[in-house]
Amino acid sequence: MEFVPEPREQVILCCECGTAIPPNPANMCVNCVRSLVDVTEGIPKQATIHWCKNCERYLQPPATWMTCDLESRELLALCLKKLKGLTKVRLIDAGFLWTEPHSRRIKVKLTIQKEVFAATILQQTFEVEFVVASMMCPDCTRVMAQNTWKAKVQVRQKVDHQRTFFYLEQLILKHSAHNETINIAEVKGGLDFHFAQRSHAIKMVDFLGSMVPTRSKTSEQLISSDVHTSTSNYKFTHAVEIIPICRDDLVVIPKKTANSLGHISPLVLSTRIGNTIHVIDFKTLQLSEISGTTYWRHEDIVSICTMRDLKKFYVVDVELVGPRVGKYALADITVQRLGDVGKNDDVIIVRSHLGNVLNFGDLALGYDLLTANINCDTFERLNPDDVPSVVLVKKGYAERRRKRKQRNWRLKALNKDEGDMVPKKQELQKKTTDFEAFLRDLEEDPELRQGINLYKDTSVIERASGSAAGNTDAMLEDEDDEEGDDAPEVPLEELLNDLKLASSDEADDEDMVVE
């Protein structure tokens with residue numbers, strides 16, 4: 001047999017400590033290499049990151065604030081960007097070490113590699129501690145301080161009620177158009193929206209213009225300027241005026257303008273307000289639209305009767321005389337003023353578009369032009385034969401029937417700042433009346449409800465379901481007492497479940513419960 005010697009591993013002595021080691025380019029053992037070379041040199045072991053305690057965002061230099069959760073990938077990336085020496089080494093692994101949440105300390109464990117000698121790569125693991133320092137971001141600074149807004153949008157409407165702003169508020173909430181505002185101030189005649197950037201204010205102006213007919217003006221005010229760098233600081237104000245015509249208003253149009261709108265009657269009734277004014281000729285069922293451009297060009301288009309001028313009439317007879325257009329039907333309706341019922345036989349026969357809505361014995365709301373005090377040159381120039389005695393607007397319901405019912409839905413409201421001006425008792429009562437009228441409009445008009453969100457009031461629904469069994473006899477008596485006089489209600493299928501992600505205190509501030 002031939003003897004084959006076993007191969008023996010060659011070893012050398014470490015040049016520093018003399019330990020036998022396999023040959024390597026450095027001719028040193030691992031412990032000696034680590035003692036002589038520190039691959040973490042140049043990487044700080046402690047750093048500071050800034051955190052806004054109001055909005056809970058972290059500063060990403062130079063001027064970006066970002067939202068990060070604890071031990072998230074975004075926060076880890078933010079911490080690694082604070083370490084300057086990582087560009088000279090190879091990062092192998094990084095992860096968080098557990099710390100107390102209230103300690104304002106974040107510990108990160110890093111594993112890096114670096115070539116220390118020719119063909120010699122050393123890997124090392126170490127910890128970096130980040131101190132979370134509190135610092136207020138510029139957006140929160142503008143909110144906390146006074147007069148620090150960059151742009152403001154002033155929304156006004158020259159009417160004696162606030163129904164338009166109630167509807168506009170729900171549109172803003174549904175489309176989340178208020179997310180960029182830093183403050184919303186409630187002032188006399190409208191609302192003021194404050195923004196930190198001018199682009200956000202322009203976006204709000206465009207949103208308002210897409211919802212209702214408006215016109216706007218822009219002004220700027222110089223706050224400061226630097227002659228050395230030729231830079232200036234301005235504050236911008238956008239004044240938005242909403243067209244002063246609302247739903248169910250009686251509108252008079254000059255004859256020339258009426259001819260340009262399809263030869264419609266000069267006396268029309270507004271049925272809906274969108275980005276245009278939808279009007280109807282209650283004598284012929286002719287429909288038309290008045291754009292904001294048309295209105296501002298012909299400012300003699302005037303609303304001569306509003307919701308505060310509505311009178312109650314008792315329907316004596318309904319006779320259909322014409323075709324139907326959508327939900328409207330032409331009819332000759334015999335009515336009597338509610339105050340004259342049982343006193344005299346004075347009845348009025350009017351041509352109306354509510355032929356399929358009103359029936360004998362119903363209560364109707366309309367404008368009594370015989371007793372109304374109207375100061376309008378355009379109205380006075382109309383032919384007296386073309387002016388009706390009464391214009392019926394909509395169906396009315398018994399007041400006692402409405403008050404007895406409790407709504408099972410509610411609306412949300414914007415968190416508005418009323419300022420130092422405390423409203424008077426008369427103004428609060430007027431606002432409550434306008435809001436109740438707006439809620440009744442929502443109950444009566446399904447088309448109006450399509451543009452906003454209505455939420456379930458679980459407390460009312462549970463209370464009603466719990467007491468339904470015990471009050472069956474009382475409900476039957478009420479139905480016999482007021483049969484056929486059911487006030488309109490919002491179907492339960494149209495209501496949304498209220499999803500609350502905020503705390504209970506914040507939710508109470510943002511929600512308005514309608515009882």
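What follows is a chat about a predicted model of a protein.

Colleague: What about contacts, how much do residues 24 or more positions apart account for?
Modeller: They account for 65% of the contacts with a separation of 6 or more.

Colleague: Let's go inside. Which residues touch the most other members of the largest nonpolar core?
Modeller: That core has 51 residues, and Val153, Leu168, Phe193 and Phe438 touch the most other members. Another core, of 32 residues, lies apart from it, with Met28, Cys29, Cys32 and Trp51 among its members.

Colleague: Now helices α4 and α5. How do their axes cross?
Modeller: Helix α4 covers residues 163–175 and helix α5 covers residues 198–211; their axes come within 11 Å and cross at roughly 120°. Because of that angle, α4 counts as oblique to α5.

Colleague: Is that crossing left-handed or right-handed?
Modeller: The crossing of α4 and α5 is right-handed.

Colleague: Which residues make the contact?
Modeller: From α4 you have Leu168, Leu171, Ile172 and His175, and from α5 there are Phe207, Leu208 and Met211. By type, the contact residues split into 6 nonpolar, 1 polar and no charged.

Colleague: New topic: Ala47. Where does Ala47 lie?
Modeller: Ala47 lies in strand β3, which runs over residues 46–52.

Colleague: Buried or exposed?
Modeller: Ala47 is buried, because its relative accessibility is 12% and the cut-off for buried is under 20%.

Colleague: What is Ala47 in contact with?
Modeller: Glu129, Phe130 and Val131, leaving aside neighbours within four places in sequence. Ala47 and Val132 are 85 residues apart in sequence, but their C-alpha atoms are 8.9 Å apart in space.

Colleague: Last one, Thr306. Where is Thr306?
Modeller: Thr306 sits in the loop between β18 (302–305) and β19 (311–325). With 17% relative accessibility, Thr306 counts as buried. Not counting residues up to four places away in sequence, Thr306 touches Asp160, Asp249 and Tyr367.

Notes
Residues are numbered from 1 along each chain as its sequence is written. This is a predicted model: local features need pLDDT of at least 70, side-chain atom pairs count only at pLDDT 80 or more; totals for chains, interfaces and linings use all residues. Side-chain values use heavy atoms; hydrogens and water are left out. A nonpolar core is a set of buried Ala, Val, Leu, Ile, Met, Phe, Trp, Tyr and Cys residues joined through side-chain atoms within 4.5 Å. Buried means under 20% relative accessible area, exposed over 50%, partly exposed in between (1.4 Å probe, protein chains only). Axes are lines fitted to C-alpha atoms, for helices over the stretch in contact, and angles run from 0 to 180 degrees between N-to-C directions. Helices (H or I, at least four residues) and strands (E, at least two) are DSSP runs, numbered from the N terminus. Angles under 35 degrees count as roughly parallel, over 145 as roughly antiparallel, 65 to 115 as roughly perpendicular and the rest as oblique. A crossing is left-handed if the near helix is turned anticlockwise from the far one by less than a right angle, and right-handed if clockwise. Contact means heavy atoms within 4.5 Å. Ala, Val, Leu, Ile, Met, Phe, Trp, Tyr, Cys and Pro count as nonpolar, Asp, Glu, Lys and Arg as charged, and the others, Gly among them, as polar.
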